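Please look over the sequence and the model shown here before reading on. The paragraphs after it go through a few local features in turn.

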Amino acid sequence: MSPSGAEVLRQIKSRIAEVDPSEVHELRRQGAVVIDVRQDDERAAGHIPGAHHVPKSHLETRIESVVPDKSVPVILYCASGVRSAWAARTLIEDLGYERVHSMVGGFTLWKDRGHEVEVPRVMSAEQRERYSRHLLLNEVGAEGQQKLLDAKVLLLGAGGLGSPAALYLAAAGVGTLGIVDDDVVDLSNLQRQVIHNSERVGVAKVDSAEQTINALNPDVKVIKHRLRLGPENIMGVLDGYDVVVDGLDNFPTRYLLNDASVRLRIPVVSAAILGFDGQLSVFKPYEGPCYRCLFPVPPPAELAPSCGANGVLGVLPGTMGLLQATEVIKLILDVGNPAIGRLLMYDALGATMDEVKIRRDPDCPICSRDPDEISDEEMGVFPDYEAFCAGVH
Ligand SMILES: [Zn+2]
């Protein structure tokens, strides 16, 4: 005679650890990961803040990407504590997880006890369609898309790097794009600055970029900063943004940007191009090296792209700008392995991508110190600031 459903459940529960909602905070503090195993529609009505979503039907295929280390404690919850008990058994017996808990009473009890609940905002039908290919990705999904919609990204320059980055960040639904540029569209820009077009020659780049972005995605708010960055305005411009895309073409401003972004703790996705070669790195303050750790002194003026017009293969800033956009999205979503502490070097002629590790300099004049210790006067200063480019301009 086969045992009844209630008897089977009792047997399962005897083999897993059950936790009361009141124990969840403490277990989390010790490193436990909370997993919501309910269906999409149940989760949409509210969930435990910070809980990952892996519906029970997708447990076998998805759990390892959320919790790769099987010794990490896991707390599963559903609506009442029954499905999570079954799911816990699967994790232990079929998938080899070592410390699996099921939350007693499920989300219903959690809510009844007055614990904190997060209710996700709902996307419109149009947004669900627009971002449908993101929603299908486990690493993005509805919550990731909401993070993108809430994100504020500042693009320094609507030029070769900023154009492709802005286009794809707008298409991806990054909700706020700030653009810093004081220039107007020139015919010679159009070989690579694809956010502009022939009809907009002579138009301010910030206005031209705004028009293109608005036409592409009405979800995106464009903030125009038609100015040149200097020590007097950089802190005010950067403040409030989550990530900065550095498409700057001159070293003095790069140092200034570095110093300001370290003070404000804003990550910078930086790229540089020359001829057929591109470089990219992510400078995340206090988690990796800063720009000054990498380049304590600027390169000789004749090698600096800002000092005169240099040739560049038109598609190269496209490639590098899209790598920047990719890193920005990874930072916003907190997925993957951003290029922090690594300098990627792309050789378009050779079709190769090399990388060198870069380390924080313990004696770095900027990031070895507390951000509060860095003064306005020190920002952007480096030894031969005045002499820089003097021989070329
Ligand atoms: Zn540094």
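What follows describes a metal site, a strand pair and a surface patch in a predicted model.

The metal site holds a zinc ion, coordinated by the SG atoms of Cys 290, Cys 293, Cys 364 and Cys 367 at 2.2 to 2.4 Å. Along the sequence, these donor residues follow the spacing C-x2-C-x70-C-x2-C. Cys 290 and Cys 367 link distant parts of the chain, being 77 residues apart. Cys 290 lies in the loop between strand 11 (277-283) and helix 14 (291-294), while Cys 367 belongs to the segment after strand 13 (352-357). Both Cys 290 and Cys 367 are buried.

Why is the arrangement around the zinc ion tetrahedral? The four donor atoms subtend angles of 95 to 120°, and four donors count as tetrahedral if all angles lie between 85 and 135 degrees. For four tetrahedral donors the ideal angle at a metal is 109.5 degrees.

Strand 13 also takes part in a strand pair. Strand 12 (residues 342-347) pairs with strand 13 in the antiparallel sense, over six bridges. Within this pairing, Asp 347 stands opposite Thr 352 of strand 13. The two strands form a hairpin with four residues between them, and in this hairpin Ala 351 takes a positive phi near 55°.

Phe 276, Leu 313, Val 315 and Leu 349 make a nonpolar patch of about 380 Å². One of these residues, Leu 313, sits in the loop between helix 14 and helix 15 (315-333). Is Leu 313 buried or partly exposed? Leu 313 has a relative accessible area of 34%, so Leu 313 is partly exposed.

Key. Residues are numbered from 1 along each chain as its sequence is written. This is a predicted model: local features need pLDDT of at least 70, side-chain atom pairs count only at pLDDT 80 or more; totals for chains, interfaces and linings use all residues. Side-chain values use heavy atoms; hydrogens and water are left out. Donors are N, O and S atoms within 2.8 Å of the metal (3.2 Å for Na, K and Ca); water is not among the atoms, so sites may look incomplete. Four donors count as tetrahedral if all angles lie between 85 and 135 degrees; four count as square planar and six as octahedral if opposite donors are over 155 degrees apart and all others between 65 and 115; anything else is irregular. Buried means under 20% relative accessible area, exposed over 50%, partly exposed in between (1.4 Å probe, protein chains only). Patches are made of residues with over 30% relative accessible area and no salt bridge: like charges are joined within 9 Å, nonpolar side chains (Val, Leu, Ile, Met, Phe, Trp, Tyr) within 5 Å. Accessible areas come from the Shrake-Rupley method with a 1.4 Å probe; for residues, only the protein chains shown count as cover. A salt bridge is a side-chain nitrogen of Lys or Arg within 4 Å of a carboxyl oxygen of Asp or Glu. Two strands pair if DSSP finds at least two bridges between them.
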